[in-house]
Structures are given as structure tokens and as C-alpha cells.
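Me: I'd like to go through this one with you, charged pairs included. Could you take a look?

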Amino acid sequence: MNYIEERPWGKFENLLETDYCKVKQITVYPKQKLSYQYHEHRAERWVIVQGEAIVTIDDFDYTKVIGDAIKIPKGAKHRIWNPGDVNLIFIEVQTGAYFGEDDIIRLEDNYGRV
């Protein structure tokens with residue numbers, strides 16, 4: 001069984017973890033959003049597989065639907081939120097030098113974690 005971690009906004013499951021990448025399935029509950037954040041050591045690619053998302057990258061908002069892919073460069077400020085009434089699910093592929101959860105620099109957070 002893969003590692004699953006609950007968060008205030010939903011949960012993530014680690015699907016693959018190697019020296020060269022990490023892959024997660026991330027579920028965002030209805031009307032919830034992740035923190036506005038950036039990473040110093042990794043870039044990310046997201047693919048929406050269920051629901052609809054509003055993705056913010058460097059202060060610009062984009063609406064994304066099933067099948068859409070999003071590229072988040074290392075150091076880019078980003079967040080995703082679920083405006084819908086069903087769970088938003090996306091696959092996240094991390095590439096870079098380091099994939100630890102402590103490489104999250106939060107700028108805004110609805111759950112008091114800044």
C-alpha cells in the first residue's frame with residue numbers, strides 16, 4: 001500500500017518515489033484550496049483527472065478540466081483550488097534535486113500554516 005497523508009484541504013497518496021522523481025495522486029475536497037506556495041528544489045507537472053480546478057501561477061488564474069496539464073517551474077508561486085461540488089483529483093509529477101515536504105514555502109494558507 002502506498003503512503004497516504006490527510007491534509008485540511010484533502011489528501012495525497014505517493015504513487016512513486018525515486019531519486020529522480022516523485023509522483024502523487026492528490027485529492028482536493030469541494031470548495032477547498034492548497035496554500036499559495038513555491039518550491040526551491042523542484043518543478044511540478046499536474047494533470048487533472050477528475051473535476052475542475054482553478055490554478056494560480058505567479059498571480060494569474062487558469063481554469064483547468066479533465067485531461068489538462070499544468071507546468072509549474074521551480075520557484076513559481078502556485079496554488080490549486082476546487083470550486084466544484086465533487087472531489088478534484090490530479091496527478092502530480094515532481095522533478096528536481098529534492099522532493100521533501102519541507103520544500104514548501106507557504107505565502108498564503110487558509111488553515112493557519114504560513
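Predicted model: local features only at pLDDT ≥ 70, side-chain atom pairs only at ≥ 80, totals over all residues.

Me: Where does Ile26 sit, and is it buried or exposed?

Reply: Ile26 belongs to strand 3, which covers residues 21-28, and it counts as buried because its relative accessibility is 4%, where the cut-off for buried is under 20%.

Me: What does Ile26 touch, leaving out residues up to four places away in sequence?

Reply: With those left out, Ile26 touches Trp9, Lys11, Phe12, Leu88, Ile89, Phe90 and Glu92.

Me: Switching to charges, how many salt bridges does the structure hold?

Reply: There are 9 salt bridges in the structure. One of them pairs Lys24 with Glu101, with the closest N and O atoms 2.6 Å apart. Since Lys24 lies in strand 3 and Glu101 in the loop between strand 10 and strand 11, this pair ties together parts that are 77 residues apart in sequence.

Me: And how accessible are Lys24 and Glu101?

Reply: Lys24 is buried, with a relative accessible area of 4%, whereas Glu101 counts as partly exposed at 27% relative accessibility.

Me: What about Asp59 and Lys77, how far apart are N and O there?

Reply: The side chains of Asp59 and Lys77 meet in a salt bridge at 3.2 Å, N to O. That pair links distant parts of the chain, 18 residues apart, with Asp59 in the loop between strand 6 and strand 7 and Lys77 in the loop between strand 8 and strand 9.

Me: Which residues do salt bridges with shared partners join into one network?

Reply: Glu5, Arg7, Lys24 and Glu101 are joined in that way.

Note on methods:
Residues numbered from 1 in each chain as written. Heavy atoms only, no water. Helix = DSSP H or I, 4+ residues; strand = E, 2+ residues; numbered from the N terminus. Buried < 20%, exposed > 50% of the residue type's maximum accessible area, 1.4 Å probe, protein only. Contact = heavy atoms within 4.5 Å. Salt bridge = Lys/Arg side-chain N within 4 Å of Asp/Glu carboxyl O.
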